[in-house]
Amino acid sequence: MVDSTLITDSTDTSVAEPAVKPHLILALDYGVKKMGMALGNSITETARAFDILAMNNGQPDWDNLLGIIKVWGVAKVVVGLPLNMDGSSSMLSKRAHKFSRRLAHRIMEQHLPVTVSLCDERLTSVAAREIAWDNGWIQNERDPIDDISACILMSTYFADPNSSIAIDAIKAD
């Protein structure tokens, strides 16, 4: 029986290396009233809309959010950074920074092996609304599309993972 967790070459005498394991990534489209969520797979580089969490003035139900991260075995959280079109910070982007730092801290307190990063999310909501409208997923322009925005955020991350910024590399404002 072959151990599927090891990659070996019968002609190679070096030590076997562990196989790459798929990682589940959670994308969060941060907002003050609600936060869209998408789950992505780092092997297939695909994402699916997951849920929309209610927010209380920018704060989630922390137990629920951390429970989702634990139960699903999330290895990385990518939080959308809502920058202005010129790349400058907005009030909402400062709140997203603060939320990301709090999330990273709470994850650390739980001793979870999860990293938190920020990724530019400019125009994800515009694209999400257009996609949802074109596919008939929404009937009214006020219908929620935050989870679809999180999917687009995940696609942005997969297109260039190095463009995300690890939260521990960000200084407090």
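A search of the whole structure, which is a predicted model, finds 2 salt bridges. One of them joins Asp 146 to Lys 34, and the other joins Asp 120 to Arg 122. The points below take up these pairs and then turn to helix α3, which spans residues 124-134, and to the way α3 packs against α4.

**Salt bridges**

- In the pair formed by Asp 146 and Lys 34, the closest N and O atoms are 3.6 Å apart.
- Asp 146 counts as buried, with a relative accessibility of 11%, whereas Lys 34, at 33% relative accessibility, counts as partly exposed.
- In the pair formed by Asp 120 and Arg 122, the closest N and O atoms are 2.6 Å apart.
- Asp 120 is partly exposed, having a relative accessible area of 27%, and Arg 122 is partly exposed as well, with a value of 31%.

**The two faces of helix α3**

- The buried residues of α3 are Thr 124, Ala 128 and Ala 132, and when the helix is seen down its axis they fall within an arc of 60°, so they line one face of α3.
- On the face turned away from this buried side, α3 carries the exposed residues Val 126, Glu 130 and Asp 134.
- The elements that cover the buried residues of α3 include strand β3, at residues 24-29, and helix α4, at residues 146-159.
- After α3 comes Gly 136, whose phi is positive and lies near 75°.

**Packing of α3 against α4**

- Two packed helices are described by the angle between their axes together with the distance between those axes.
- For α3 and α4 the angle is about 115°, and the axes are 8 Å apart.
- The crossing in which α3 passes α4 is right-handed, and on the α3 side the contact is made by Thr 124, Ser 125, Ala 127, Ala 128, Ile 131 and Ala 132.
- On the α4 side, the residues making this contact are Ile 148, Ser 149, Ile 152 and Leu 153.
- Sorted by class, the contact of α3 with α4 has 7 nonpolar residues and 3 polar residues, and no charged residues take part in it.
- Thr 124, Ala 128 and Ala 132, named above as the buried residues of α3, are among the residues through which α3 makes its contact with α4.

Methods:
Residues are numbered from 1 along each chain as its sequence is written. This is a predicted model: local features need pLDDT of at least 70, side-chain atom pairs count only at pLDDT 80 or more; totals for chains, interfaces and linings use all residues. Side-chain values use heavy atoms; hydrogens and water are left out. Buried means under 20% relative accessible area, exposed over 50%, partly exposed in between (1.4 Å probe, protein chains only). Helices (H or I, at least four residues) and strands (E, at least two) are DSSP runs, numbered from the N terminus. The arc is that of the directions from the helix axis to the C-beta atoms. Contact means heavy atoms within 4.5 Å. A salt bridge is a side-chain nitrogen of Lys or Arg within 4 Å of a carboxyl oxygen of Asp or Glu. Axes are lines fitted to C-alpha atoms, for helices over the stretch in contact, and angles run from 0 to 180 degrees between N-to-C directions. A crossing is left-handed if the near helix is turned anticlockwise from the far one by less than a right angle, and right-handed if clockwise. Ala, Val, Leu, Ile, Met, Phe, Trp, Tyr, Cys and Pro count as nonpolar, Asp, Glu, Lys and Arg as charged, and the others, Gly among them, as polar.
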